[in-house]
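Thank you all for coming; please take a moment with the sequence and the model on the screen, and then we will walk through a few of its features together.

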Amino acid sequence: MKLIKTDIPQVLLVEPTVFADERGYFCETYKKETLEIALGYQLAFIQDNEAKSTKGVLRGLHYQLPPYAQTKLVRVIQGSVLDVVVDIRKGSPTFGKHLAIELNDKNKLQLLVPKGFAHGYVVLSDTAIFSYKVDNYYHKQSERGIIFNDPQLNIDWNYPIDKLIISEKDTIQPAFAKADLFEKEHIINE
């Protein structure tokens with residue numbers, strides 16, 4: 001397993017070592033000790049989630065406020081998505097910056113999305129199965145979001161905006177400038 005730093009230091013790409021032959025493949029998708037050493041803090045994932053979506057479905061940008069904030073380890077089991085994270089930690093040197101990376105069943109890359117980041121993705125393939133671990137349970141009252149097409153964030157979703165399939169909830173999210181974001185005291189392990 002290889003950990004790759006991104007332009008936002010707390011967000012890591014995880015590249016598993018894949019052992020393949022005529023029978024198929026094997027790869028280790030999670031190793032607690034390896035991630036904790038790289039991060040410098042402990043992780044305690046408590047739940048795995050999975051979503052299947054069709055081409056053009058956009059989910060996000062979502063997050064939960066403390067004390068219910070979540071760290072996620074996300075990956076694509078089938079298909080391809082453009083995965084996006086946005087730093088929502090006020091006072092962070094990368095506040096308001098975003099990272100977009102294609103995750104698919106070929107590259108097997110995973111993305112570690114720490115607390116303090118909004119997260120979303122758009123499906124690029126006909127269908128995609130998206131899987132992720134979380135270290136905190138879903139808490140409806142703490143859930144927040146940012147509108148996906150906020151001009152301040154200027155995210156290129158690599159998909160025609162007029163062809164996106166978006167839930168009503170995600171079409172009425174506030175702009176980045178008006179969203180409830182993480183305050184300086186909530187920044188963890190910067």
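Which residues does W157 touch, if we do not count residues up to four places away in sequence? Keeping in mind that this is a predicted model, we find that W157 touches L58, L61, L82, V84, G120, Y121, V122, L124 and F148. W157 also belongs to the largest nonpolar core, which has 24 residues, and it is listed with L61, Y63, V86, I88, V122 and I146 as touching the most other members. Strands β6, β8 and β11 each supply at least two residues of this core, and apart from it lies another core, of 19 residues, which includes V81, V85, V113 and A128. As background, nonpolar side chains in soluble globular proteins tend to be buried together.

Strand β1, residues 2-5, pairs with β2, residues 12-15, in the antiparallel sense over four bridges, and a hairpin of six residues joins the two, with L3 standing opposite V14. On β2 there is also an antiparallel pairing with β10, through three bridges, where L12 stands opposite L112.

Finally, some backbone details. Most residues other than glycine have a negative phi, and most peptide bonds are trans. Here, however, the bond from G60 to L61 is cis, with omega near 10 degrees, and L61 sits in strand β6; another cis bond joins P66 and P67. K108 has a positive phi of about 55 degrees, and N154 has a positive phi near 55 degrees. Is each buried or exposed? At 17% relative accessibility K108 counts as buried, whereas N154, at 60%, is exposed.

Conventions:
Residues numbered from 1 in each chain as written. Predicted model: local features only at pLDDT ≥ 70, side-chain atom pairs only at ≥ 80, totals over all residues. Heavy atoms only, no water. Pairing = 2+ DSSP bridges. Core = buried A, V, L, I, M, F, W, Y, C linked by side-chain atoms within 4.5 Å. Buried < 20%, exposed > 50% of the residue type's maximum accessible area, 1.4 Å probe, protein only. Contact = heavy atoms within 4.5 Å.
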